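Have a look at it first, then read the points below alongside it.

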Amino acid sequence: MADNDVSQLSGSQRQALEQFTTLTAQEANDAIPLLRRSQWNVEIAIAKFFDGETADPVAEAIAGQAAAAARPQIPPPSSLPTPGSPLRAGQRNRGTISPAPRIVPQPTAVSRRPPFLISLLLFPFSLVWRLSNSFISLFYALFPFLARFRTATSPPSRTQTARRSQNPRDTAARFIRLFEEEYGTETGLKFFEGGYAQALDLAKNELRFLLVVLQSDEHDDTASFNRETLTNPEVVEFIKAQNIILWAGSVQDSESYQVSTALGCTKFPFSALISRAPSSTSSSQGMSVVSRIVGSTPPQTFVSKLTTAITTHSETLERIRATRAEHEAGRAIREQQNSAYELSLARDREIAQARREEAERKAREEELARAKAEEKALLAKNKAAWRQWRATTIPKEEPTGKDTARVSIRLKNGERVIRRFNGDASMEEVYAFVECLEYLEESATSEKTPEKPSGYTHEYGFKLVSPMPRQVYELQGEKDESDRTVKDCLWPTASLVVEVDDDEDDEEGEDN
């Protein structure tokens, strides 16, 4: 881990690391070893990342740096070698299998307009040149056989062959449109609608074969090859059956020209079958050209060569697919294990949360029960104190006289009590007598006068009822009912029954 420490890198190395990670989205720990093996050359490191490393990365890095320093500009399409011309040493066929580099088209340099004075001075010459070109173009349009003669006797110029540079997708769309206009839309061929680099990445990621077809619009065999071989039903069906990615282009386009130079194309039409296969200059993780078909080829021979190459290298793809499937299965198992672990953690968190909520609920219930018990105890204490105090305020029993009423009361325990009340006494006196009956004797003998509990309002938990006929004497209810006297209700005699409220029965049951 110390070797991959970013703080130990120099300024130029950090800049190269930043460029590499920006283009490849790699982590610094993975990018530093690859850049170190590439002698900190960003271009070589990017090529290794997409195409795989060579058997001798140090030698390749040194050679790549020297080549990058002395790399010439890409020649224009007008300098493309024609069939039969001698090849340079770097263009010779280096065997059946060779690396298939990833080509990314470079943007076309923007032309600068000359200053206004120079343009004004050169305007007459420019006008004469444009008129001459227009006249020559009209002349060759009237006599088309002269254009073929000119093409055969003179090398193609850049103005004749080059097209306006476009992005790879637009270039592919233009080629497909022109191909369909020339050979129809019912050929069954499905060209890849994108750049060569995108097609190469797709074939690498999906482990498929990529068929690259390069053509020259000015070559005599192009039309016959497209009509008799490329659009042949046997070839079309073979491409579909083998699930081959088909990418095609014209070398009049900048991208196709760069691809033809990289693949060592010497004659048109040119076809190259690219796949993941080991070669002497690329690792098994890179893309290689496994078959080349040069020139106009009969459809049977074309299919035969492709079949031979696919049969030879299918085992390599199957092995890579098996390795990838094993890795995917391992990754799926790890994801399932991680998912199960996360699910287990989630369940544990839910159980812990439920336990905390249950403990909090029980604590709240215990707190509420404790508060209710304290409130009930305080109420019972105040109630007993009030009874003791009220028993001292009840007057003694009245003697028999004309102003007294004789009242028989059957208590809630079944006992019957008879007492005489003054006729002018209120009905509350009768209720207080029943409520404080057990404290009357105690109050009569006690020397200490109890105090009335402060802040307490007593409520009677029973009713006095006359059974025959039934009549309830309540202290609350009708207006001024509590002001009625004994003479109004119980005169001269009355028989009452104590009926306890339901709440009072519940409290007594809990006390017992």
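1. How much accessible surface does the chain come to, and what share belongs to carbon and sulfur atoms? The total is about 32100 Å², with 53% belonging to carbon and sulfur atoms; accessible areas come from the Shrake-Rupley method with a 1.4 Å probe, and for residues only the protein chains shown count as cover.

2. A word on the source: this is a predicted model, where local features need pLDDT of at least 70 and side-chain atom pairs count only at pLDDT 80 or more, while totals for chains, interfaces and linings use all residues. Residues are numbered from 1 along each chain as its sequence is written, and side-chain values use heavy atoms, with hydrogens and water left out.

3. Overall, the chain has 17 helices and 10 strands (DSSP runs numbered from the N terminus: helices are H or I of at least four residues, strands E of at least two). Of its 512 residues, 34% count as buried (buried is under 20% relative accessible area, exposed over 50%, partly exposed in between, with a 1.4 Å probe and protein chains only). Take the contacts between residues at least 6 apart in sequence: 69% of them join residues at least 24 apart (contact means heavy atoms within 4.5 Å).

4. Now the open sheet. Its 5 strands come in the order β1-β5-β4-β2-β3, with mixed pairing (two strands pair if DSSP finds at least two bridges between them). β1 (98-99) and β3 (245-250) sit at the edges with a single partner strand each, so one side of each has no neighbour in the sheet. Helix α13 (residues 299-393) lies across β2 (210-215), β4 and β5, at about 20 degrees to β4 (axes are lines fitted to C-alpha atoms, for helices over the stretch in contact, and angles run from 0 to 180 degrees between N-to-C directions).

5. Inside that sheet, β4 (residues 270-276) and β5 (residues 287-294) run antiparallel and share 7 bridges. Phe 270 stands opposite Val 294 of β5. Val 294 is partly exposed, at 35% relative accessibility. Leaving out residues up to four places away in sequence, Val 294 touches Lys 267, Pro 269 and Phe 270. The C-alpha atoms of Val 294 and Lys 267 are separated by 6.1 Å, although the two are 27 residues apart along the chain.

6. Is β6 (residues 404-410) largely enclosed or left open? Largely enclosed, because 5 of its 7 residues are buried. β6 runs antiparallel to β7 (residues 416-422), with 7 bridges between them, and Thr 404 has Asn 422 as its bridge partner in β7. The hairpin of β6 and β7 has 5 residues between the strands, and Gly 414 takes a positive phi near 100 degrees there. β6 also pairs with β10 (residues 493-500), this time parallel, over 5 bridges; Arg 410 is partnered by Val 497 in β10.

7. Finally, Pro 168, which is found in helix α8 (residues 168-183). Pro 168 is partly exposed, with a relative accessible area of 27%. Neighbours within four places in sequence aside, Pro 168 contacts Pro 105, Gly 194, Gly 195 and Glu 255. The C-alpha atoms of Pro 168 and Ser 254 are 9.4 Å apart, with 86 residues separating the pair along the chain.
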